[in-house]
Amino acid sequence: MSELALPKVDQSIILNKDKIVSKLKRIIKLENVLDHNDEIKPYETDALSAYKQKPLAVVLPENTQEVSKILKYCNEEKIKIIPRGAGTGLSGGALPLQDAILLSLGKFNKILEIDFDNKCVVAQPGVTNLSITHAVQHKGFYYAPDPSSQLACSIGGNVAENSGGIHSLKYGTTTNNILGTELVLMDGTICRLGGKTLDQEGYDLLGLICGSEGLLGVITEVTVKILKKPQTVRAVLIGFPTIEDGGNCVSEIISSGIVPSGMEIMDKALIEATDNFCKAGYPRDAEALMIVELDGTNSEVDELINKVSDIAKKNNSTSIRISKNEKERLAFWAGRKAAFPACGAMAPDYYCMDGTIPRGKLSEVLKEIKRLSKKYNLPVANAFHAGDGNLHPLIMFDANNKEELRKTEEFGAEILKYCVKAGGVLTGEHGVGIEKRELMCEMFNDNDIQQQLKIKKSLDTKNLLNPGKVYPILRKCAEEGRVHVHRGEEKFPDLPRF
Amino acid sequence: MSIEVRKNSQISQDSDYILRPDNEEKVSQIIKDLYKKNLPTEIIGSNSKSFIGNKLQCAKILDLSKLSGIVEYLPEELYIKVKACTPIANIEEVLKKNNQQLSFEPIDFGYISSSKSNKGTAAGCLSCNFSGSRRFKSGSVRDHVLGFRGVNGKGDTIKSGGTVVKNVTGYDLSKLITGSFGTLIALTEITFKVLPTKDSSSTLVIHEDSKEEIAKLFNNIQSSSNEISGSVFVPIEPNNKKYIQNREKIFSFNDLKNEGPFLAVRMEGSKKSIDERIRDLTIELNLKNKKKSLLDVHQSLLFWERINNLEIFSNTQNSLVRIVIPPFKCIDLMKYLNRDYKYYIDWCGSLFWIEIPDMNEEKLLNIKDYIIRLGGYLTVIKNSTPLNDIFTINETRLHISKKIKESFDPKGIFNPGKMYRSV
Ligand SMILES: Cc1cc2nc3c(=O)[nH]c(=O)nc-3n(C[C@H](O)[C@H](O)[C@H](O)COP(=O)(O)OP(=O)(O)OC[C@H]3O[C@@H](n4cnc5c(N)ncnc54)[C@H](O)[C@@H]3O)c2cc1C
């Protein structure tokens, strides 16, 4: 992994560690300040585990007042702060700095209110995504955004990253599903944005915070919208002889006016990998496999399935299977959910990319990825949230081979640049973090970036909150690393990966 | 003074009073100059909503109406990129040919000011972030802005977002500028997400008077999995003859049986699925013994158009306020309004449009206080008398808003005081 440029270390902070730690121990409970090496080790990286760095200390505040006091103190003393949820981020957003305090929201783990009357749940930021659905499902409700890390990732982290999931195609990402937050600014100011109403009046600060990767404030409470579960959910598994046919089918389904709740594609490499890995029963002769999920009322779903099947046939599908029951629907998904571990089983390491492209460019971009795979002589398997053009190419390599590692990084950067060239963007849901920071100039010019930095500066005058993330610091747009998994020693190996 | 009058009275004195650039480059040059000279400037599109917000006193008017036209429309990619001041009506017309729509249902403010349609421009629609009846299901204007280009208060051209939905590259400025009433940026180009129009639609009208029953119905509709895409309650209050006549005229449909108050529910989709859902909903909401009407697709389309045109308040001389509250509080607000006000409720209990006769500062403060206690917010849309604080904000958010404003427009030259006196 190439060397990562980080903000300049403030030696005076390191020298004053004891003083700072003892002050923090006066602000919050003694036992909630960690500063011994073995205590802080679990916090040295997130799920972009190639990068590791121990922070100066870790604090685990228990309430908003404590967060506010910590931030106020750190702001006055010019100490950097790194907010952290569950540490499942894939772009290094929660990577600590040597001279920073890592602020974990781990103790903010309670659901504060379940309000069926107003169709919302108020939760502390450390609550996991899935536990919100668990708390309301007995009445037939659920929280829509479903990142595949939902068992582990925190709702605060979801807001910070604006996370999505397979159902974002129909139900949107985090930003479309939250009603309010409580936020603490770097100077300690506590503020409430939104509440239980739809939309806010005035500047949409909630929209700004969502996806701000912990750079603008620490989220201490989140109010999410809950939805009633659809009456019927069914999935269709479709094989295609070429990836072009699959891509065309996606475009035609969308053009025909159908918005499925999810629409995923895997390429041949991944069909084989997942079928070997978990015996998913996928058609191995297919070059591309598509899973389309439709939900709604019974007759609507029936009608849509017929339409989708007709469109698939027109696009040369070689096989079509329609789920007859819930068990079968889940079986269709099993292989797709095993995509990451399946790649892990095929090579010592893999890199996961996260660009988004216009749907119509799917086969063009795939061809380019194939060409690059030959050029770099590295195998790649592709999984996509095809419905919204979000690609997850998985490049397989061996990190012990330094030359291969360098080539992989170059390969990954070339894919992302091509996504931008094709009219797309660098990241669809994993965030910029430290990972794609230096590629930002591919999408934005100096004016664009300066405007964003001015917003940052207006809320965090001294640039102390999660510095070194999202915005280029090298100013040369170098190509840096992507998700790096070594010998299956990935973080959260049990989680399904999309 | 209205802008038209001001235009006429000033033009003779200052031929540069109104600036009308026809491309982004010129917008940038003009703003660089305004910045240098520190000249407060009012930004306008087609003026369809200029009556919303505090009155401005500016040295210049930046009229962006020449930035009009569709830049790129890719139906299969579900987006349309337009120059900022393209009329919404033109956009909707183009989308309609491909069976697509802006699914947040832009509000037509033309009727309340001049009794005829005027949906204004893309930039105007974005700047206000007021969405129609489908909002509680499909999201608001802000949820449909994929990206934009514009010029900040220093004259720098900036962009954010793109043309794809899944995008977390950098801060989501599209959200931030939506609803900012032209105080942050002079927009030059906007990309909207578009969605397919459903094959058909029907509206089930439930004739119901009891406030408790209405609140219960709203609550149950929100809990329904029958994909309801609109739900409004139109009362007959206040009981005045002129209003009743106007109401009857607007809602005169062949199949609308009763003249009393009603709650209407819209379903969109295939004909077959709608029929199925109506059957289902009748059981789910226990409607068997209630008086009902059913509007077919033609009547249904017209019905919701009239709702979203605010035709109930056509050409009103009174003040009009827009209130959003948590949906379950709608019973409290209904009781508070008693029979004293002309109003209707949209967004399944969340959105109230209320006409307020004899508006004054004290009256406004009282209502606003109450709304804040309910956990909601109030915006004065049209005021019959000059008022302070026509938006709802608290100290902390005002403080943050000022900082955000400064980061875009350091000298405060764009629409100064339009939203809050100090921003
Ligand atoms: C196996 C696996 C599968 C995944 N699948 C998906 C997927 O399908 N879709 C998807 O979108 N993502 C996915 N991710 C990425 C990740 O789970 C999400 O980005 C998630 O939202 C991160 O949440 P977290 O609590 O782990 O945040 P962290 O990793 O702890 O932090 C992420 C960022 O948010 C900031 N942050 C965290 N909490 C707060 C807070 N309270 N206030 C302010 N800033 C905060 C941090 O500073 C950091 O910048 C996956 C990750 C893994 C490991």
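**Ground rules**

I number residues from 1 along each chain as its sequence is written, and I letter chains from A and number ligands from 1 in the order in which they are written. Since the model is predicted, local features need pLDDT of at least 70 and side-chain atom pairs count only at pLDDT 80 or more, while totals for chains, interfaces and linings use all residues.

**Entry: chain A as a whole**

I began with the overall dimensions of chain A. Its C-alpha atoms fill a box of roughly 70 × 60 × 40 Å along the principal axes. The radius of gyration of chain A is 23 Å, which agrees with the value near 23 Å for a compact globule of 498 residues; the radius is taken over C-alpha atoms, and the globule rule is 2.2 Å times the number of residues to the power 0.38.

I found 17 helices and 19 strands in chain A. These are DSSP runs numbered from the N terminus, with helices being H or I of at least four residues and strands E of at least two. Of the 498 residues, 60% count as buried. For burial I count other C-beta atoms, placed from the backbone, within 10 Å of a residue's own: 20 or more is buried, 12 or fewer is exposed, and in between is partly exposed.

Among contacts in chain A between residues at least 6 apart in sequence, 74% join residues at least 24 apart. A contact here means that the C-beta atoms of two residues, placed from the backbone, lie within 7 Å.

Next I looked at S3(A), residues 80-84, where five of five residues are buried. A:Lys80, A:Ile82 and A:Arg84 point one way, A:Ile81 and A:Pro83 the other way, and all are buried. Strand S4 (residues 100-104) of chain A runs parallel to S3(A), and five bridges join them; strands pair if DSSP finds at least two bridges between them. I noted one bridge in particular: A:Ile81 has A:Ile101 as its partner in S4(A).

Helix H13 (residues 339-346) of chain A is largely enclosed by the rest of the structure, because six of its eight residues are buried. The buried residues include A:Phe340, A:Pro341 and A:Cys343.

**Entry: the ligand shell**

Which residues are the closest to the ligand? I got A:Gly85, A:Gly89, A:Gly93, A:Gly157 and A:Gly214, out of 41 residues that surround the ligand. A residue is near a molecule if its C-beta atom, placed from the backbone, lies within 6 Å of it. S3, helix H6 (155-161) and strand S10 (218-225) of chain A each give two or more residues to this shell. H6(A) has the largest share, with five residues.

By class, the shell has 16 nonpolar, 18 polar and seven charged residues. Ala, Val, Leu, Ile, Met, Phe, Trp, Tyr, Cys and Pro count as nonpolar, Asp, Glu, Lys and Arg as charged, and the others, Gly among them, as polar.

**Entry: where chains A and B touch**

I then turned to the contact between the chains, which takes 72 residues from chain B and 70 residues from chain A. On the chain B side, H14(B) gives the most, with eight residues. That side divides into 23 nonpolar, 32 polar and 17 charged residues.

**Entry: the domains of chain B**

The assignment gives domain 1 (1-197 + 393-423) and domain 2 (199-388) of chain B; such bounds come from an automatic or database domain assignment. The C-alpha centres of the two domains lie 28 Å apart. Their contact takes 16 residues from domain 1 and 21 residues from domain 2.

Most residues other than glycine have a negative phi. A:Asp199 has a positive phi of about 60° although it is not a glycine, and it is buried, with 25 other C-beta atoms within 10 Å. B:Asn129 has a phi near 55° and is buried too, with 24 other C-beta atoms within 10 Å.

Is A:His138 buried or exposed? A:His138 is exposed, because it has 7 other C-beta atoms within 10 Å. It is found in the loop between helix H5 (129-136) and strand S7 (141-142) of chain A.
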